[in-house]
Amino acid sequence: MLTFRGLQDEQRPWAVHNFPGREPGDPLLGAVEELGELCHAHLKRKQGIRGTPAELEVAAKDAVADIVIYLADYCTARGFDFQTLMEETWAKVKARDWKADPVTGGGGELSRRQEGESEPLPPRYIKGHASH
Ligand SMILES: [Mg+2]
């Protein structure tokens, strides 16, 4: 099974070989370009034009994977460990329950501050507060 670390480890020498001198902004632009391709495939599928549903599904799947590959390269260029940041961030995200707590998701600084503490929440974080 391919892990985020495995992807990054395999992708690193490939990127160095194929794109020597690339800068962190290059894979970032690549990821956004692929996001555009995913949007294209998604929109055209909805509109029923510029490809069969099967062709547009292939294009969408390819774009999703390319986005992740570019992000692995971005992490390499920035010195980030892709596996670690995915594990750490997913652990935080999956602990949130937006159904149970639509304001804070049940975790994080906002929740701790609401549970009894020193500093009041800014009005924009209080449920029912009308913000712009
Ligand atoms: Mg592509």
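The model is a predicted one, so local features need pLDDT of at least 70 and side-chain atom pairs count only at pLDDT 80 or more, while totals for chains, interfaces and linings use all residues. Residues are numbered from 1 along each chain as its sequence is written.

Helix α1 has 15 residues and spans 20 Å from first C-alpha to last, close to the 21 Å expected (1.5 Å times one less than the number of residues). There is a bend of about 30 degrees at Q11, with a proline, P13, following within four residues; the bend is the angle between axes fitted to the seven residues ending there and the seven starting there.

The axes of α1 (residues 4-18) and α3 come within 9 Å and cross at roughly 80 degrees, with axes being lines fitted to C-alpha atoms over the stretch in contact and angles running from 0 to 180 degrees between N-to-C directions. The two helices are therefore roughly perpendicular (65 to 115 degrees). On the α1 side, L7, Q8, Q11, R12 and A15 meet I69, A72, D73, C75 and T76 of α3, contact meaning C-beta atoms, placed from the backbone, within 7 Å.

Elsewhere in α3 sits K61. Its C-alpha is 8.0 Å from that of L38, 23 residues away along the chain. In the loop between α2 (25-47) and α3 (53-78) lies R50, which has a positive phi of about 60 degrees despite not being a glycine.

Conventions: Angles under 35 degrees count as roughly parallel, over 145 as roughly antiparallel, 65 to 115 as roughly perpendicular and the rest as oblique. Two residues are in contact if their C-beta atoms, placed from the backbone, lie within 7 Å.
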